Amino acid sequence: MNSTEKRLLKEYRNVQRELHGTKNSSLRKSGLLELKPKSQSDMYEWSATIEGPDSTPYENTAFDLNIKIPRSYPLEPPEIYFVVLSDETIRKLQGRSSKKDVEVLKKAPITHKCFKMPHPNVNFNTGEICLDILKKRWSPAWTLQSAILAIVVLLSNPEPSSPLNVDLANLLRCEDETAYKALIRFYIEEYSAIST
Amino acid sequence: MSDQMDVDSLEATPTEQSQQQQDNKPKKKRFEVKKWTAVAFWSWDQSNETCAICRNHLMEPCIDCAATGKDRSNCPRAVGMCNHSFHLHCIDTWIKTRNSCPLDSSDWSLKEVIQN
């Protein structure tokens, strides 16, 4: 086991202890629901689930992230993407549950998972995230956990000056908050399915 | 000269007093110390105790040295001008990527290397 894998194992132990070791995990409260390798055989592919922060258009919605870890981690940043599915796949997922189920679940806390990410700093079609700490300002002192939490913070603090989604960034620049929130909500309702 | 004079007089005073006390028979003690609890504070001489790069404790060898079974005497720690410390091996590999402190992203310059 090399030093990258050792550090990842250390991070995995810490994050699992904090997520599932205590009943009221502060990590869950700050929006991180799950963070773990996709399979036991590969430490370099992780997935995460986050919850949109309260009093933002993303609240009560879960989002999945894919994490690709370079062999030189932590000297190089991990590649983190929002999971974006094709319209067709989302329709299939939505079709699995009846309309009534969706309505019921929409009222419960953390009801659905959205498979597109409408955000000024996220590419709508690829899920690519524009965040300085994942590119030029990366430092090995960051962890997967802190990087994911930085993405949760980005949801409530969009940065319209470096957009990957020009339409949403323009609404934000025009300070049309009503339209901005309504458009995000529309996409979320449109592309969500019940989380499994 | 005056310093020496002061010292002399200071030394003289207690002996004079003790002589006086002996002359006047032992006085009743004014108070007696029954219990005395000393409290000391200490802290590391560094602002962080784990290496932010490999996440091992700085008093232990870095993740690479630990893997190859080397002991900590072969793995010194490096302290920067910003007072953040890392294993020398760890910071050496990082500054090839970018010459900045991983913790505060100020320019990295080495203040000292401490042998464990």
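Two strands pair if DSSP finds at least two bridges between them. Strands themselves are DSSP runs (E, at least two residues), helices are runs of H or I with at least four residues, and both are numbered from the N terminus. Keep in mind that this is a predicted model, where local features need pLDDT of at least 70, side-chain atom pairs count only at pLDDT 80 or more, and totals for chains, interfaces and linings use all residues. Residues are numbered from 1 along each chain as its sequence is written, while chains are lettered from A and ligands numbered from 1 in the order in which they are written.

Let's begin with a hairpin in chain A. Strand S1 (residues 32-39) and strand S2 (residues 42-51) of chain A pair in the antiparallel sense over six bridges. To see one end of the pairing, find A:Leu32, whose bridge partner in S2(A) is A:Ile50. Two residues lie between S1(A) and S2(A) in this hairpin.

Now move along chain A to helix H7 (residues 177-190). The buried residues of H7(A) (20 or more other C-beta atoms within 10 Å of their own, with C-beta atoms placed from the backbone) are A:Tyr180, A:Ile184 and A:Ile188. Seen down the helix axis, these residues fall within an arc of 60°, so they line one face of H7(A); the arc is that of the directions from the axis to the C-beta atoms. The face turned away from the buried side carries A:Thr178 and A:Phe186, which are exposed, meaning 12 or fewer such neighbours. The buried residues of H7(A) pack against strands S3 (61-68), S5 (112-114) and S6 (192-194) and helix H6 (166-173) of chain A.

Over in chain B, three strands form an open antiparallel sheet in the order S2-S1-S3. Strands S2 (85-87) and S3 (110-114) of chain B are its edges, each pairing on one side only.

How confident is the prediction? The pLDDT, the predictor's confidence in each residue from 0 to 100, averages 87 in chain A. Among the elements of chain A, helix H4 (residues 99-107) has the lowest mean, 54. Where pLDDT is low, the predicted coordinates should not be read in detail.

Conventions
Expected span 1.5 Å × (residues − 1). Contact = placed C-beta atoms within 7 Å.
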